[in-house]
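I opened this notebook to record what I looked up in one model. The entries run from the whole chain down to single residues.

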Amino acid sequence: MLPELSIKDFLAKTAGDEPVPGGGCVSALNAALASALTEMVANLTIGKKKYEEKENRMKEISSFAKKYQQIFVESIDADSDAYNQVFAAFKLPKETEEEKSERSRQIQAATKIAADVPMEVARNAFRMLETISTVAREGNSNAVTDACVAMMAARTAILGALLNVRINLSSLKDETYATHLCEEADHLEKQTIQAETDLLTWVRTQL
């Protein structure tokens, strides 16, 4: 399981000559890092007299971020598994018309999964953006730049995941499904870039 590797081993495996872990796994990892930083900023706020009125909100944010961190960690393996399913489908026999038909069916099914997994990463990371903005603006001001790094990591997670969505959609024959996800991807990308811009513009006025 990829999440069980040490940081050094994960980096070495990523740098190796196998296609996984690749961009999809790294996008999920970036999302996990974003959630971990978000939780950290909330925890650095909890218990501080200066932020007593924010205590309950920060506890909610800490719990929220912890939950999503686990989801993103699981997504690292899910992305790897999805790629392996596509690879396995392409290796199926194609000697007879029946085999060709079954191979094509399985390739399409596996490719849809390979698009769905990073799309779910993008959706979940997108759900983090408002929380990250809140913890940056209302949390411990000494950790505001950590919250900004969380936003930047989430942005990278979303945009990276969406690239993996799009490359898989290009192979799908279900045009209606592909069009729907492409439109959603375009929306998420636009809103994500705006959320990051808004936070970084604000934080420059605070430093």
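**Entry 1. Basis.** I note that this is a predicted model, in which local features need pLDDT of at least 70 and side-chain atom pairs count only at pLDDT 80 or more, while totals for chains, interfaces and linings use all residues. Residues are numbered from 1 along each chain as its sequence is written, and side-chain values use heavy atoms, with hydrogens and water left out.

**Entry 2. Overall fold.** I took helices (H or I, at least four residues) and strands (E, at least two) as DSSP runs, numbered from the N terminus. The protein chain has 6 helices and 0 strands, and the pattern along the sequence reads α-α-α-α-α-α. Taken along the principal axes, the box filled by the C-alpha atoms is roughly 75 × 35 × 25 Å. I then looked up contacts, defined as heavy atoms within 4.5 Å. Of the contacts with a separation of 6 or more, 76% join residues 24 or more positions apart.

Entry 3. Accessible areas come from the Shrake-Rupley method with a 1.4 Å probe, and for residues only the protein chains shown count as cover. The protein chain has an accessible surface of about 11500 Å², and carbon and sulfur atoms hold 53% of that surface. I used the terms buried (under 20% relative accessible area), exposed (over 50%) and partly exposed (in between). By that scale, 41% of the 207 residues are buried. For charge, Lys and Arg count as positive and Asp and Glu as negative, with His and the chain ends not counted; each charge is placed at NZ of Lys, CZ of Arg, CG of Asp or CD of Glu. I found 24 positive and 31 negative side chains, with the centres of the two sets 5 Å apart.

**Entry 4. Nonpolar cores.** A nonpolar core is a set of buried Ala, Val, Leu, Ile, Met, Phe, Trp, Tyr and Cys residues joined through side-chain atoms within 4.5 Å. Which residues have the most contacts inside the largest core? They are Phe72, Met119, Ile132, Val135, Leu162 and Leu169, in a core of 47 residues. At least two residues of this core come from each of α2 (23-45), α3 (55-90), α4 (97-138), α5 (144-169) and α6 (175-204). The helix that gives the most is α5, with 13 residues. Leaving aside neighbours within four places in sequence, I list Ala115, Ala178, Leu181 and Cys182 as the contacts of Leu169. Another core lies apart from this one and has 7 residues, including Val86, Ile107, Ala114 and Val117.

Entry 5. Pro21 lies in the loop between α1 (7-15) and α2. The peptide bond from Val20 to Pro21 is cis, with omega near 0°. I checked helix length against an expected span of 1.5 Å times one less than the number of residues. The 23 residues of α2 reach 33 Å from first C-alpha to last, close to the 33 Å expected. Just after α2, Gly47 takes a positive phi of about 90°.

Entry 6. Is Ala34 buried or exposed? Ala34, in helix α2, counts as buried because its relative accessibility is 2%. Beyond four places in sequence, Ala34 touches Ala150, Ala153 and Ala154. Ala150 lies in helix α5 and counts as buried because its relative accessibility is 0%. With residues up to four places away not counted, Ala150 touches Ala34, Leu37, Thr38 and Ile132.

Entry 7. Ser80 lies in helix α3 and is buried, with a relative accessible area of 8%. Not counting residues up to four places away in sequence, Ser80 touches Leu2, Val20 and Cys25. Gln70 also lies in helix α3, but Gln70 is partly exposed, with a relative accessible area of 44%.

**Entry 8. α6.** The end C-alpha atoms of α6 are 44 Å apart, which agrees with the 44 Å that its 30 residues should span. Which residues of α6 are buried? I list Ala178, Leu181, Ala185, Leu188, Thr192, Glu196, Leu199, Leu200 and Val203. An α-helix has 3.6 residues a turn, so residues three or four places apart point the same way. The cover over the buried residues of α6 includes α4 and α5.

Conventions: Buried < 20%, exposed > 50% of the residue type's maximum accessible area, 1.4 Å probe, protein only.
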